[in-house]
Amino acid sequence: MSDLLRGQFASDTVSRHFDDAALLAAMGRFEAALAAAQAAAGLVPRAAADRIERVAVATLGPAAAVDPARAPAVPARVAPEDDPFSPVELAGAARRAGTLAIPFVKALTDAVAREDAEAARWVHWGATSQDVLDTALALGATRAGAELQAQLARVGDALATLAERHRTTPVTGRTLLQPATPVPFGWKAACWLSPLGRGRAGLGAALDAMRALQLGGASGIRAALGGRGDAVARTLAGSLGLADPAISWHGSRDRVARLGAELATLAGAMARVGRDLSLLMQGEVAEAFEPTGAGRGGSSAMPHKRNPVAAMLALQAGLRAPGLAATLLAQLPGEHERGLGTWQGDWWTLGALFECAGSATEAIGEAVEGLRVDADAMRANLARTRGFVHAEAVTVALAATFGKPAAQATMERICGDAIDRGVALRDAIDRARDADPALGRALPGDRLDALFDPAGQRGDADAMIDRALAEWRAA
């Protein structure tokens, strides 16, 4: 996979928690914390546990410490040419072994043995490959999730500000990509905001479920820990900031699938905003614009172009995410205590979903915070519809006198006449009023003036905006 293209379509703030360094550090932290928890339970000598942690920190960085917040400062690691923790070397060995855990544990064991052969005996004691990889996955998801929640809050707050600021700014409502009726642009922004509160809650619940230790040993019952597995798991979970689940989840992948689905849903919500922004930015519409800047949104051939870059990034993520989430959902029926060809790709798949959600959320955050809204263009586009956006309001007013069926038929005839003659709806209505005194009485001139004023067609928009803002703030 090209790192160049990955860098374009990933938010480094979120996706860095799923890069090679983060994976190795999380695996190292699990092994160090496992040894420390086993030492507390009397299964491993304390000196051996301390040595394992020191080597893990020295070879993989402070993030591999049992408590990274209190890890000693260490100089930047300079990998030797024959570095046993080289991602290239580990990847090749993992392909042969069938799991990254095997060459990783061997490399860590060898590194510990070079300093203390006795301590090396206790590396990865009583654990299995999936324990270290699933726990690393939980650690990566926890950190990436915290970053993503912060980004999501930024987008939601920016949309809330936009909704409040443009409560009374009329814009053409569009259904099936055609002009429909006027709506406040602030209401449109509140519609973008509404899914984010639910997304924040759903993502939070999925992250809470994913924040679970995996320690089951060979088949899930921790047989190698001599009846002290529960004590080890409690201590280990506490030191890693994870929950100690009721039972091993080697074969139960619902946590991963649920989190993947929430990430895909979030990416889709951001893509929806991106789609609307891209349409609003079209030259023929020109109602709202992403922020500009040096090197942003240009063209290699056309110097006049100002492309919707944030919208493009969000849409790309929203289109990519569903297939990734489907991969996680498809592996739920794994075999027995450990599936074949299913969970082995979770780090990559879930990491790619975090990439999608993070990239889309970061892009839309930048776009909405710097969004330039052209209220004059919105009004001009409303006028360009030649009044047809007010046809519903006139029909409802007419129904009070003629009844709904007759009013609908009358307005369809008047609209057809206006379209055929290429005139504005108001002109066609005035012509019909002149020909039909009853219509003139039902639609006097001052009444028509009000019906063709977008400010008078706000419906329940203000109440809806208020509720959407309250829901967001409560979330």
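**View 1. H124 in the loop between α7 and α8.** With a relative accessibility of 16%, H124 counts as buried, a term that stands for under 20% relative accessible area, with exposed meaning over 50% and partly exposed lying in between (1.4 Å probe, protein chains only). The loop that holds H124 runs between α7 (117–120) and α8, where helices (H or I, at least four residues) and strands (E, at least two) are DSSP runs numbered from the N terminus. The phi of H124 is near 65°, a positive value in a residue other than glycine. This is a predicted model, in which local features need pLDDT of at least 70 and side-chain atom pairs count only at pLDDT 80 or more, while totals for chains, interfaces and linings use all residues. Residues are numbered from 1 along each chain as its sequence is written, and side-chain values use heavy atoms, with hydrogens and water left out.

**View 2. L176 in the loop between β1 and β2.** L176 lies between β1 (170–175) and β2 (178–184), and its phi is positive, at about 55°, although L176 is not a glycine. L176 is exposed, with a relative accessible area of 81%.

**View 3. The largest nonpolar core and F354.** This core has 122 residues, and those with the most contacts inside it are L215, L259 and F354; a nonpolar core is a set of buried Ala, Val, Leu, Ile, Met, Phe, Trp, Tyr and Cys residues joined through side-chain atoms within 4.5 Å. Helix α8 (residues 129–165) gives the most to this core, with 16 residues.

**View 4. Helix α8 against helix α13.** The axes of α8 and α13 (residues 346–369) lie 9 Å apart and pack at an angle of about 20°; axes are lines fitted to C-alpha atoms, for helices over the stretch in contact, and angles run from 0 to 180 degrees between N-to-C directions. That angle makes α8 roughly parallel to α13, since angles under 35 degrees count as roughly parallel, over 145 as roughly antiparallel, 65 to 115 as roughly perpendicular and the rest as oblique.

**View 5. Helix α9 against helix α11.** The axes of α9 (residues 185–210) and α11 (residues 254–280) come within 8 Å and cross at roughly 165°, which makes α9 roughly antiparallel to α11.
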